[in-house]
Amino acid sequence: MLIALGAVIAFLMPLGYMGTTAFKTIQQIIDPHSVLLPSSPMTYNYQGKDYTLYQVPTEQGIRTLALVEPGREESGWIDPANPAAGIITWVGRWRTLEPVYEIRPTLDNFPRAWDQINFPRLFRNTLFISLSSTLGAVISSIFVAYGFARFRFRGKNTLFLLLMASIILPTQVTLIPQYIFFRSIGWGGTWLPLIVPHFFANAYNVFLLRQYFRGIPRDLDEAATIDGANPLRILFSVIIPQSWSALTAVSLFHFFWAWNDFFTPLVYLQGNPELYPISVGLTEFTNAFTTQPGLAMAAAMMTLALPAVLFFSAQRAFMQGIVITGVEK
Amino acid sequence: MVGKTKRWKLGLAQREELWGFAFVGLWIIGFFLWTAIPMTASLVFSFTNLNPIHPDQTRFVGLANYMLLFNDLQVRDATWITLRFALISVPLSIVVPLAIAVLVNSKYLIGKNIFRTLFYMPYLIPVVVGVMVWQGILNSESGWLNRIIEAIFGIKGPRWFQDEFWVLPALTIMGFWGIGNTMLTLLAGLQNVPTEMYEAAEVDGAGPVYTFFRITLPMISPVIFYNLTIALICAFQYFTQAYIIGNGRGDPNGQTTFYNIYLYKTAFAFQDMGYGSTLAWAMFIVVLILTVILFKTQSRWVYYGGGED
């Protein structure tokens with residue numbers, strides 16, 4: 001139990017770093033007193049000016065006082081609890097004293113990051129690309145998986161083997177001719193190369209859905225066939241209604257993949273910043289962001305928001321879907 | 001009469017075949033459009049000096065690209081970096097998720113599902129975001145990791161992303177965030193081990209270590225095999241993290257110029273698509289050979305329970 005807790009804390013530490021750094025100012029990030037939470041030295045306003053509060057050891061114990069007149073060997077202080085008492089003199093070096101910290105998060109990083117990377121545009125682009133490619137991938141994979149799951153035809157096993165083999169094929173082998181092809185039909189600098197190929201099914205989705213479809217009892221299809229339903233009708237009225245969890249899992253898988261994809265947009269959209277999805281758009285700014293971790297983490301949190309919400313709202317179906325693939329592969 | 005029935009049956013089988021092809025057809029078309037034809041084309045390109053900047057000068061150059069491949073020092077460096085990284089990260093990408101899977105499968109653990117979700121979650125974090133977060137954590141001055149190192153050991157931590165030696169370990173550490181999927185598949189494997197086997201081992205007086213190596217590992221070896229294959233393929237295609245960390249230039253000092261990054265630069269930055277295709281095919285052949293070797297070793301260590309495949 002303790003090991004698990006320790007491991008999970010170590011594992012999620014970066015998320016904690018993200019969550020707190022996003023609310024820090026630059027001074028707070030550098031300040032070693034403010035490693036965990038965004039905190040700054042507390043100040044006290046005396047006669048229109050802000051003075052830093054320190055823990056001062058006195059005869060009455062440790063008191064929290066505001067440093068008004070700093071000096072080398074003795075300094076003048078004001079007691080915030082009783083400012084009317086005037087300046088208290090304390091002998092000792094104030095630099096050895098501990099300042100009083102308070103948690104003071106800043107929200108500035110979010111709007112600044114939002115404006116700097118043109119977040120709304122990146123978000124819209126990514127959403128459109130991911131949604132349309134997910135739609136294409138899921139619909140086409142349903143048809144293909146159904147074909148492999150329910151019909152006998154010549155060369156089926158060979159075809160299925162070929163489909164599975166395409167998983168180990170590095171994308172780089174087909175990339176250059178595809179790139180040249182898309183350029184030659186005028187699709188360079190558009191979203192089409194990122195979307196259209198997904199309308200032809202892919203191995204992962206087909207495999208998962210085929211496994212799932214094969215688990216649905218054939219009696220139902222047969223009953224529908226006797227009632228005169230054709231295979232297309234059976235797919236829509238028998239198979240799909242029973243496969244929602246698998247379909248959700250496949251859709252989410254693909255959506256996350258498309259949301260995160262970096263390589264394909266980098267290749268096809270290079271030089272068209274107005275078309276960039278978040279992945280590429282954000283990278284353009286990472287160099288500027290490394291000197292300002294607060295901004296970087298705010299941007300990271302904003303990018304994470306949608307996938308996180310999706311994941312937690314569809315967690316059950318999603319985990320089930322993964323376990324199906326995991327076991328069967 | 002008999003003939004008629006037979007013809008009817010034949011018709012049914014043919015009709016089934018037609019429907020089958022109609023459904024699968026989409027993928028067959030896609031396979032030719034996006035896989036078979038481009039693969040052949042890139043093989044052909046690899047024997048040319050194709051460069052879209054001067055398309056009229058394109059001609060066959062025979063084996064020149066392949067000769068260059070073997071003499072190209074940058075290819076040598078990039079391959080060496082990729083191999084070194086694969087040697088560190090591939091074993092770890094199995095061992096670490098396996099340890100976590102065993103952990104979250106333990107019967108002593110309360111709230112298993114929460115732990116599983118938490119360990120899985122970072123897998124879904126966009127790579128770009130992950131890189132940004134890790135750049136913060138591993139920042140040599142304000143990053144948490146170096147502050148922890150300084151607090152515990154009293155020494156300054158390395159400058160992870162600026163140091164030629166530490167950049168590969170840093171990338172490996174970053175990779176731990178992507179273990180979610182491997183962990184879950186291994187977990188599913190662990191849960192499929194029949195409990196009777198553990199009970200029998202306990203009766204025989206076997207300790208937990210013996211049980212793990214003699215029962216658990218062999219029983220989940222197919223899942224390990226699957227993940228190992230995927231990890232190997234991914235290691236050769238490693239791109240995004242290295243590209244961002246190296247600012248697209250291979251910083252520090254070319255130490256993040258992985259094979260795939262060199263390929264990308266050759267084909268798309270310098271538009272040398274002939275040589276780029278050669279690099280792609282070389283990668284494909286190496287991956288293919290390694291996969292075949294891995295499949296051949298299967299019979300030595302992968303245990304398939306009765307009746308599978």
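Biologist: Which residue does Arg154(A) form a salt bridge with?
Modeller: Its partner is Glu17(B), and the closest N and O atoms are 3.0 Å apart. A salt bridge here is a side-chain nitrogen of Lys or Arg within 4 Å of a carboxyl oxygen of Asp or Glu.

Biologist: Where do Arg154(A) and Glu17(B) lie?
Modeller: Arg154(A) is in the loop between α4 and α5 (156–165) of chain A, and Glu17(B) is in helix α1 (residues 2–45) of chain B, so the pair joins two chains. Helices (H or I, at least four residues) and strands (E, at least two) are DSSP runs, numbered from the N terminus.

Biologist: Before I go on, what sort of model is it, and how is it numbered?
Modeller: It is a predicted model, where local features need pLDDT of at least 70 and side-chain atom pairs count only at pLDDT 80 or more, while totals for chains, interfaces and linings use all residues. Residues are numbered from 1 along each chain as its sequence is written, chains are lettered from A and ligands numbered from 1 in the order in which they are written, and side-chain values use heavy atoms, with hydrogens and water left out.

Biologist: Back to that pair. Is Arg154(A) buried or exposed?
Modeller: Arg154(A) is exposed, at 64% relative accessible area, whereas Glu17(B) is buried, at 12%. Buried means under 20% relative accessible area, exposed over 50%, and partly exposed in between (1.4 Å probe, protein chains only).

Biologist: How many salt bridges are there over all chains?
Modeller: A search of the whole structure gives five. One of them pairs the side chains of Asp221(A) and Arg150(A), at 2.5 Å from N to O. Asp221(A) belongs to helix α9 (residues 218–226) and Arg150(A) to helix α4 (residues 119–150), both of chain A, so the pair ties together parts that are 71 residues apart in sequence.

Biologist: Are Asp221(A) and Arg150(A) buried or exposed?
Modeller: Both are buried.

Biologist: Which residue does Arg249(B) pair with?
Modeller: Arg249(B) forms a salt bridge with Asp251(B), the closest N and O atoms being 2.8 Å apart. Arg249(B) is exposed at 53%, and Asp251(B) is partly exposed at 22%.

Biologist: Why do such pairs form at all?
Modeller: Side chains of opposite charge can pair when their charged atoms come close.

Biologist: Changing topic. How many helices and strands does chain A have?
Modeller: Chain A has 15 helices and seven strands. Chain B has 13 helices and zero strands.

Biologist: What about the overall dimensions of chain A?
Modeller: The C-alpha trace of chain A spans about 100 × 50 × 30 Å along its principal axes.

Biologist: Which residues is Thr240(B) in contact with?
Modeller: Leaving aside neighbours within four places in sequence, Thr240(B) is in contact with Phe262(A) and Val127(B), contact meaning heavy atoms within 4.5 Å. Thr240(B) is found in helix α11 (residues 240–245) of chain B and is buried, at 13% relative accessible area.

Biologist: Which loop holds Asn118(A)?
Modeller: The loop between α3 (109–116) and α4 of chain A. Asn118(A) has a positive phi of about 55° although it is not a glycine, and it is partly exposed at 31%.

Biologist: What is the phi of Asn253(B)?
Modeller: It is positive, about 50°, and Asn253(B) is not a glycine either. Asn253(B) sits in the loop between α11 and α12 (259–269) of chain B and is exposed at 58%.
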